[in-house]
Amino acid sequence: MVNTNTNKPPVNTNTPICPAGAVLAAVGQMQYFKAQATDPQNDTPLTYTFNWGDTAAPQDVTAALGSLAIGSHSWSPAGIYQVTSTAKDPGGNTSFVSNA
């Protein structure tokens with residue numbers, strides 16, 4: 001069998017960040033994070049997965065290529081949480097995990 005698939009995974013260009021640079025939140029207060037990626041073949045849409053760094057299920061957000069994906073989450077109990085994201089193209093290729 002010969003695999004001629006040349007489709008490449010998306011590349012995260014922006015790691016999830018808080019709007020306005022907020023890094024502190026009250027327990028239970030909803031926070032919004034954004035991510036953006038590029039795809040070498042310009043495949044669209046991309047599905048972004050936000051991992052919230054707690055026991056909650058990751059959140060999938062679909063966005064057109066070049067658009068921001070915005071995820072939202074609140075945390076409880078108080079603590080320090082590392083938020084990361086990945087991007088997946090329609091062919092199922094997934095990017096590396098973003099920095100926290």
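**From the patch to the rings**

Tutor: Leu68 is partly exposed, with a relative accessible area of 40% (buried is under 20%, exposed over 50%, partly exposed in between; 1.4 Å probe, protein chains only). Before going on: this is a predicted model, where local features need pLDDT of at least 70 and side-chain atom pairs pLDDT 80 or more, while totals for chains, interfaces and linings use all residues. Numbering runs from 1 along each chain as its sequence is written, and side-chain values use heavy atoms, without hydrogens or water.

Leu68 sits in the loop between strand E4 (59-63) and E5 (strands are DSSP runs of at least two residues, numbered from the N terminus). Together with Met30, Tyr32 and Ile70, Leu68 makes up a nonpolar patch on the surface, with about 390 Å² of accessible area in total (Shrake-Rupley, 1.4 Å probe, only the protein chains shown as cover).

Now follow Ile70, which belongs to strand E5 (residues 69-73). Leaving aside neighbours within four places in sequence, Ile70 is in contact with Tyr32, Phe33, Lys34, Phe50 and Val61 (contact: heavy atoms within 4.5 Å). Tyr48, 22 residues from Ile70 in sequence, has its C-alpha 8.9 Å from that of Ile70.

Two of those contacts of Ile70, Phe33 and Phe50, take you to the rings: Phe33, Phe50, Trp52, Trp75 and Tyr81 are linked into a cluster by ring pairs. The structure has five aromatic pairs (ring centres within 6.5 Å, with Trp's six-membered ring used; planes under 30 degrees apart are stacked, over 60 edge-to-face, the rest tilted). One of them is Phe33 with Trp75, edge-to-face at 5.8 Å centre to centre and 75° between the planes. That pair bridges distant parts of the chain: Phe33 is in strand E2 (residues 31-38), Trp75 in the loop between E5 and strand E6 (84-88), 42 residues apart. Trp75 also pairs with Tyr81, this time stacked, at 5.8 Å and 25°. Trp75 counts as buried because its relative accessibility is 10%, whereas Tyr81 is partly exposed at 24%.

Finally, Gly28 touches Trp75 and Ser74, not counting residues up to four places away in sequence. Gly28 comes from the loop between strand E1 (11-17) and E2, and its C-alpha is 5.0 Å from that of Ser74, 46 residues away in sequence. At 49% relative accessibility, Gly28 is partly exposed.

Technical notes. Helices (H or I, at least four residues) and strands (E, at least two) are DSSP runs, numbered from the N terminus. Patches are made of residues with over 30% relative accessible area and no salt bridge: like charges are joined within 9 Å, nonpolar side chains (Val, Leu, Ile, Met, Phe, Trp, Tyr) within 5 Å. A salt bridge is a side-chain nitrogen of Lys or Arg within 4 Å of a carboxyl oxygen of Asp or Glu.
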